[in-house]
Amino acid sequence: MDGDNTPHQSNSHGQVTPVRAEVDRVLAEAERRQRGAHLRVRFWSVIDIALGFPAAVLAGLSGAAGLASPDARVPAAVLALVSAGFSAGAGFLRSDIRRAENRRSRLAWARVEARARLLLAQETQMDHEAIQEALRNLFYSRTKAIATHTEDASSEGTPS
């Protein structure tokens, strides 16, 4: 995920070519967005566990307390309400769905990063047409990665 900080090759005059500069820019963007998606995956994983696990435990405890004795009705009801609150929070935040969406985003940006690195590694052996085709493919991958994030955001209001 982390980019290398080694300077890239330049043309015979010691200048960075426009193609290399653009690929470097896309590479940096892909690394940054991939890192951000990775952090969001971790965040939503923690939220999913933090809400789901207590809800399950409290539901079990409330059931056990309710069955233990007639005097435990009130504590069982309180535990059931707290468990329902955790469950409602988990349902409202949809952390499991957000985690999956960010995993898809992370993978899409990893593809962009891989294409950019491959283009940088092969640029000196490619002719002009091959470089142009590789750039088109790189930008197509970038557009798909952006669309992955946009689709995730637009699907929030629609049922899956």
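Here is the tour, from the whole chain down to single residues.

Before you click: this is a predicted model, where local features need pLDDT of at least 70, side-chain atom pairs count only at pLDDT 80 or more, and totals for chains, interfaces and linings use all residues. Residues are numbered from 1 along each chain as its sequence is written, and side-chain values use heavy atoms, with hydrogens and water left out.

Start with the cartoon view.

Now colour by burial. Of the 160 residues, 29% count as buried, meaning under 20% relative accessible area with a 1.4 Å probe, protein chains only; exposed is over 50% and partly exposed is in between.

Next, select V23, V112, L119, L135 and L138. These have the most contacts inside the largest nonpolar core, a set of 16 residues (buried Ala, Val, Leu, Ile, Met, Phe, Trp, Tyr and Cys joined through side-chain atoms within 4.5 Å). Helix 1 (18–68), helix 3 (95–122) and helix 4 (128–154) each supply at least two of its residues, with helix 3 giving the largest share, six.

Zoom in on L138. Beyond its neighbours within four places in sequence, L138 touches V23, V26, V112, R115, A116 and L119, a contact being heavy atoms within 4.5 Å.

Finally, pick F43 and W44. Which geometry does this aromatic pair have? The rings sit edge-to-face, 4.9 Å centre to centre with 75° between the planes (ring centres of Phe, Tyr and Trp, using its six-membered ring, lie within 6.5 Å; planes under 30 degrees apart are stacked, over 60 edge-to-face, the rest tilted). F43 is partly exposed at 45% relative accessible area, while W44 is buried at 14%.

Methods. Helices (H or I, at least four residues) and strands (E, at least two) are DSSP runs, numbered from the N terminus.
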